[in-house]
Amino acid sequence: MTAVLRDAVWEALGTVRDPELDEPITDLEFVSSCTVTPDGVATVLLRLPTFFCAANFSWLMVADAYDAVSAVPGVTRAEIELEGHFVAEEINEGVAARAGFTAAFSGEARAELDELRRTFNRKAALAGQDIVARPLVDTGTTPEQLAELRLGQVPASPELTRLRARRADGGLPHDDDAPLLLHEDGTPVTTEQVPLHLRRARLTRVSIEGNSGTCRDLLAKRYAATS
Amino acid sequence: MASLAKKVRTLRRVAQRYGMTGVKSAIRDKVNPLTQPVVDYAKLLPAAAVLLARHGKPARFFNAVGAGIGDDLLLTSVFRELQRRGRKNFWVRTTHPELYLHNADVPVVVPPLERFDKLVKRVGTSVVYPWYTSYHPAFDRDDPTPEQHLISIMCQKAGITGTVTLRPYLHLTAEEKSRGVRAPRQVAIMSSGLDAQHSMRNKNWPLEKYQRWTLEDYGRDVFDEGHVDYAVLQSTFLYYWYKEGFNTTKRNQTVAEAFPGKVIVNGRWDPREGEEGLRRFEENHKRDNYKGVKLYTAEWYEDSRGYKVSDPEAYRYLEKTQELGIKNVHLHKGPTIWPLDRDAFDVEDVDKAATDFPELNFIVEHAGVPRIEQFAYIAVQEPNVYAGLSVVIGAHMHARPNTFARFMGELLFWVGEDRIVFGSDYGIWEPKWQVEGFIDWQMPDGEQFSDYPKLTTTAKKKIMGLNAAKLYDIEVPAEYQIPAPGTTADEDKAPGEDLFIDAGTAAGAQA
């Protein structure tokens, strides 16, 4: 029973993403341990690539993990603990007390993190267009066709599912009728704009994937002795 | 009887030689072994009775006395291992009980009372004398260096076999912590991945050299071996974190003096220093004649955790910079360390300032990574915005070649070869391998790089020096200048490169 619950908790953790890298914290190996007691207390230890990883990103991941794990049926209490981080104590206590980011960092943080999350969702939604559209470009789809293409006309793929999810998170159109190519503000891309738009989408993807690689390298080095 | 007669004879001899003092001493030596155990047990038994009543009889008793503090600390690994294996019922006798004060792995610490080990032996406890050396009377010293790991020997004595997990354990009291604090909420800057040990080629510096390199090191690493003709030093204060500053203008001047004619020292300013700062900057410029300034927008200053170069206060400084005829503004736009919800390394502010100060050149160091997409999109719109390759090359070219290729491809597309300048981050990385590596580097073949241009020799020349020479008015000998358009036929071209060379040289003529 405990093993089943533990799997459910792990699955819930898989829905928590690094906001900047747009990858699940389980794939990034940010979860260093996950245990569940028979009476339903889930204890999750999180770790990050460096001691100085940005406090706001770190907060988002701990808070999201707390919410995701708490919501698993059968979990009576969620204990999420970030380790080896310069503000681990503030984050752990703030999240456990359900205090907002500004409350936990009174005097130092001036706004909640919703805006930050929106920014990253928009970036992920832009990068996702390169990932989905590039194979189409390679097989000869023209700018005219791309400008007209709807999400429902694109062959199903995990990348497409992800793009839809990011659009949904960012409040952008994501149903079958939504255009594949959208500007960051949600307006459609005209035929003339297609080449530059795709360049921007790729630039954003290169940035996200580049950062992701750096973070993976750093994590691997930092925890080389234990993993 | 015979032995009693012998003792009397001995006493008489002692009395003859040493007088009454000698007799007293001899009697004490002889009597103490009879009385001392009584005295010891009188002290020991009440304490031991309390401990036994509270904790029950221990299975093991570590007689951890008689060595230094370091040995006690090594023992914590043994205790940890015992705990891990579920053998939790043990006591530790030590002369340093404070070392185990907060150690959850030590169940019971007992005071260093005499004969404790002998007492528990009597109740059937196994006593461990965990030391890894023993006195060798023949040599009058401890045994030679142990042939096994010290902890391994200690574990053997404690009956632990197989793999041993080590976990360093440190508990600092509030008082100990406060002694180590240098500033409120002090953080250190981890700039080179020292903590993370990011892979670096040609960099086998010991920590000491990393912490303090000499002028001699600098001359060798940069000018003798590093292929560098001119160095531009970016002065950075960071007094909040570094008592003597990070690399101040003053300290950089000592480098310039040591290598006359080869080093350009940039000034710095911080808009939060107000009128006073503005005045000081002007004075310093009169003294040093700056050609550029370095700005560190994420610097902490009093309560502020950073500023934007588009702030009105910063504009006053930019106006002054322009007025003084200084034309290069380098900005550190790199990874975020502290700033919480306000991201002081955000690049948007450069966009506005670059539009409003068209006579100034804005060189964005580290090309905004990890926000290269933000930087590139600004740079494409602002002709006076440059990409600085410091960190871009150092952290990626060797360690993460595919990412480096994609970064370079994007920079070449959005920013262009005329507005990319080399930077080595000396002190973190040496220029030698970066220069040699970049000269040898080429955009890889393969589908994911197929949209990116190959890098021509012309482009490399610009990036490695000619662009910076223009920014800093450095005269370049004719033989190193780029030949006029149409005379680059001798270059080793990649397929499709002609188009790129044309575009590159056209833009070059324009700049």
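In this predicted model, Thr43(A) stands opposite Glu79(A), a residue of β5(A). The strand β4 of chain A, residues 41-46, is joined to β5(A) by 6 bridges, and these two strands run parallel. They belong to an open sheet of 3 strands in chain A, ordered β3-β4-β5, in which the pairing is mixed. Because β3 (31-36) and β5 (77-82) of chain A stand at the edges with a single partner strand each, one side of each has no neighbour in the sheet. From one strand to the next the twist averages 10°. Across β4 and β5 of chain A lies helix α2 (residues 55-70), which runs at about 160° to β5(A).

In chain B, strand β8 (residues 263-268) has 6 of its 6 residues buried, and therefore the rest of the structure largely encloses it. Both of its faces are covered, with Val263(B), Val265(B) and Gly267(B) buried on one side and Ile264(B), Asn266(B) and Arg268(B) buried on the other. Strand β7 (residues 231-234) of chain B pairs with β8(B) in the parallel sense over 4 bridges, and Gln234(B) has Asn266(B) as its bridge partner in β8(B). The chain passes from β7(B) to β8(B) through helix α8 (residues 249-258) of chain B, a β-α-β crossover that is right-handed. β8(B) also pairs in the parallel sense with strand β9 (residues 292-295) of chain B, over 2 bridges.

Between the chains, helix α8 (residues 194-222) of chain A packs with helix α12 (residues 372-379) of chain B at an angle of about 145°, the axes being 8 Å apart. Here Arg200(A), Leu203(A), Thr204(A) and Ser207(A) meet Ile372(B), Glu373(B), Ala376(B) and Tyr377(B), a contact comprising 4 nonpolar, 2 polar and 2 charged residues.

How values were computed: Residues are numbered from 1 along each chain as its sequence is written. Chains are lettered from A and ligands numbered from 1 in the order in which they are written. This is a predicted model: local features need pLDDT of at least 70, side-chain atom pairs count only at pLDDT 80 or more; totals for chains, interfaces and linings use all residues. Side-chain values use heavy atoms; hydrogens and water are left out. Axes are lines fitted to C-alpha atoms, for helices over the stretch in contact, and angles run from 0 to 180 degrees between N-to-C directions. Contact means heavy atoms within 4.5 Å. Ala, Val, Leu, Ile, Met, Phe, Trp, Tyr, Cys and Pro count as nonpolar, Asp, Glu, Lys and Arg as charged, and the others, Gly among them, as polar. Two strands pair if DSSP finds at least two bridges between them. Buried means under 20% relative accessible area, exposed over 50%, partly exposed in between (1.4 Å probe, protein chains only). A crossover is right-handed if, with the strands pointing away from the viewer, the path from the first strand over the helix to the second runs clockwise.
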